[in-house]
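Q: Hi! Could you walk me through this one? I'd like to start with the charges and rings, then move on to the strands.

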Amino acid sequence: MMVNAPFRASGPALFCLLIQALFPGHAQASGETRTLMELDEYVVTGTRDARRLLDSPVRTEILSRKTLDRLQARSLQDALRFVPGLLLRDIHGKSGQEVWMQGLDGNRVLVLIDGEPVPASTGSAVDLSQIGLADVERIEIVKGALSALYGSAAMGGVINVITRRGDKPLDYRLLADVGYYDEASDTPAQQRHAGGHLNMKQGALGLGLAFDVRDSDGFDLTPGTWSTQGDKGPKLNLDGRLRWQATPTLDFSFTPGYYSERLEKRFSTQAPGVGEIRQIKGEDAQRTQLRLDSNWRPGEGRALRAVLSQETFTDTTWQDALGTAEQDQSRRAEIGLTRGELSYSQPLGAHQQLSAGLVALNETLTQVQTRYESGAYKTIDEVGGKVSRDSVEAFVLDSLLLFDERLEILPGLRHQEDSGFGGKTTPKINVLYSPHMPEGYDLRLRAGVGQGYRVPNLKERHYIFDHSALGYIVRGNPDLRPEKSMSVQFGGEIVSHAHGLRLDLNLYHNDIDDLIATLDAGVEEGVRVFEYANIARARTQGLETVLEITPEGRLSYELGYTFLRAIDRDTGLDLIQRPRHQLKAGLHLDLPEVRSRLGLYAQWQSHEYADAANTQRSPAWLRTDLRLDTRLTRELTAYLGVDNIGNDHRDVADTADYRPLSPRLIYIGLRWDH
């Protein structure tokens with residue numbers, strides 16, 4: 001670490017003096033620096049090469065394995081819930097949740113596993129509840145337009161789930177827990193969860209296996225009625241990895257994966273002259289994945305990577321009225337994604353690193369509905385056979401270090417040729433400045449400007465979401481135009497190692513043109529029709545700030561505040577489901593006397609508008625969670641958790657209420673590590 005000598009009364013220096021005055025008891029007596037949370041972790045998502053988190057020119061947030069264990073996260077949905085600035089939303093019309101960033105919804109956030117895109121459920125947003133965490137090493141989060149790095153669908157940001165490499169001779173984990181919902185259920189509903197992984201390495205060969213199964217009886221917020229709200233059924237993840245270290249500089253790996261779910265819940269409709277019609281709605285989904293990749297690292301900063309992956313996602317939804325002998329209707333959609341990438345990194349002197357790559361992908365969608373009408377089953381092809389999208393993309397990044405490596409400039413460029421929309425080039429540039437600071441302090445100033453670009457996905461162009469039984473249809477529009485955005489990010493991060501303090505503040509501004517939204521197209525044959533259209537120019541802007549305090553001793557805590565102003569630039573009105581204020585906090589208490597850790601987490605957000613005219617408001621809400629784990633032996637840990645301690649949940653009778661749906665959940669479990 002370089003020291004500013006003499007210590008002048010500059011802005012950073014005055015800030016350091018303020019920290020010393022406010023937190024004198026937090027300094028270490030020895031004067032040694034300490035590692036604060038995950039600042040020494042290495043991240044790859046923002047730059048495509050490994051950087052120490054503190055030194056990444058692209059602002060990156062990380063959830064390490066240690067943090068995931070502390071949160072007792074059972075799926076990606078659980079892991080992201082308390083990350084400042086993230087909004088988790090129910091996916092419209094199906095089970096599961098998606099993630100929103102900086103006011104941009106889940107369709108505009110790219111979710112990766114080991115750098116490879118996850119196909120979205122039914123062509124919409126990725127369902128976070130479908131991604132288990134049994135073999136996950138860490139999760140990296142980058143907010144803002146990253147189309148120059150990752151192509152279409154990365155307008156809002158990127159979440160990269162990174163699995164374990166299995167470099168140890170033997171590494172395994174087994175865990176299991178069972179949970180019970182609050183008495184809001186008319187039956188003792190419960191949840192069951194089990195997971196684990198096994199990684200082995202012998203010589204040049206490595207083998208990894210992981211499983212994660214989550215099973216639920218659902219929950220019922222309206223006891224005494226037929227309808228239920230929580231999905232009933234199992235979700236299963238199975239993953240494997242076979243790795244061969246051919247030479248010290250060359251390795252190959254084969255990674256298969258499988259996911260399945262079989263969910264159902266009850267609902268009812270009213271028919272004139274008949275009364276209540278009781279029905280069951282279900283969803284069966286399967287995802288298969290095969291990936292081959294190789295890495296060559298001959299040294300001196302050079303690296304070559306080749307990846308080929310293929311995924312197929314099949315989703316069957318159905319509904320059935322109990323009073324009939326036949327199933328009313330079902331719909332089967334199949335999404336295929338084949339992708340290949342070749343990338344190379346090469347230093348150009350001591351202070352410059354060039355990275356470039358080529359990506360080719362093919363995406364397909366088929367959708368067929370089977371409906372029982374007039375005493376017979378009728379099959380309808382809803383997208384006209386198999387529709388597809390092809391894209392070829394090239395990208396280049398150039399990292400340049402200046403002024404004794406205290407200034408890094410990282411420009412990037414990506415050109416995309418899409419089969420439906422032609423060519424588009426998206427640029428970006430990020431800057432990191434690390435000024436001289438007193439001993440024990442680090443300051444990082446980051447700025448970034450990038451262009452976002454998203455072609456309409458196959459769902460928006462072709463998919464028909466037919467809920468005629470519930471009175472509406474959403475249909476695709478083949479004449480949609482691509483969305484475009486300009487994203488500006490600026491922020492600073494200051495760390496006092498001796499005091500265990502970190503303050504991170506980031507300002508952002510995103511202008512979006514040709515935003516795709518659903519337009520009310522009127523009523524056809526008694527059913528309201530919604531259609532995708534380029535109807536809006538939007539703007540999202542605000543700030544995100546995180547204060548992390550990790551002093552010596554047993555207590556640590558963090559506080560995150562987010563301000564969001566999301567408006568329709570044509571009307572000046574707020575975009576729906578975007579709260580202006582959000583607070584997230586966590587408190588951690590170590591109890592070494594009883595070999596235990598206690599965590600208390602809270603999230604609060606202000607009201608949000610439920611309609612485009614800003615006449616209906618969803619109320620503000622507060623949720624708190626409790627986590628406790630106790631180490632029984634060196635390898636065995638018992639844990640307990642309470643989700644939604646205050647049991648504050650949505651009023652399902654109010655269509656303008658977007659508060660979280662789940663009631664209080666209490667669970668206990670055991671974890672065995674080696």
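A: Happy to. Arg266 lies over the face of Trp226, 4.5 Å from the ring centre. Keep in mind that this is a predicted model.

Q: And which ring does Arg74 lie over?

A: That's Tyr667, with Arg74 over its face at 4.1 Å from the ring centre.

Q: How many aromatic pairs does the count come to?

A: Five aromatic pairs. One of them is Tyr372 with Tyr377: the ring centres are 4.9 Å apart and the planes are at 65 degrees, over the 60 needed, so the pair is edge-to-face.

Q: How exposed are Tyr372 and Tyr377?

A: Tyr372 is partly exposed at 29% relative accessible area. Tyr377 is also partly exposed, at 48%.

Q: OK, switching to the sheet. What order do the strands come in?

A: It's an open sheet of five strands, ordered E3-E8-E9-E6-E7, with mixed pairing. Strands E3 (61-64) and E7 (116-117) are the edges, each pairing on one side only.

Q: What does E8 pair with, and in which sense?

A: E8 pairs antiparallel with E3 over four bridges, and Glu61 has Ile141 in E8 as its bridge partner. E8 also runs antiparallel to E9, joined by seven bridges; there, Ile139 stands opposite Val161 in E9.

Q: Is E8 enclosed or open?

A: Seven of the eight residues in E8 (136-143) are buried, so this strand is largely enclosed by the rest of the structure.

Q: And in which sense do E6 and E9 pair?

A: Parallel, over five bridges, between residues 109-113 of E6 and 157-163 of E9. Val161 in E9 is the bridge partner of Ile113.

Definitions and conventions: Residues numbered from 1 in each chain as written. Predicted model: local features only at pLDDT ≥ 70, side-chain atom pairs only at ≥ 80, totals over all residues. Heavy atoms only, no water. Pairing = 2+ DSSP bridges. Helix = DSSP H or I, 4+ residues; strand = E, 2+ residues; numbered from the N terminus. Buried < 20%, exposed > 50% of the residue type's maximum accessible area, 1.4 Å probe, protein only. Phe/Tyr/Trp six-rings, centres within 6.5 Å; stacked < 30°, edge-to-face > 60°. Lys NZ or Arg CZ within 6 Å of the ring centre and 35° of its normal.
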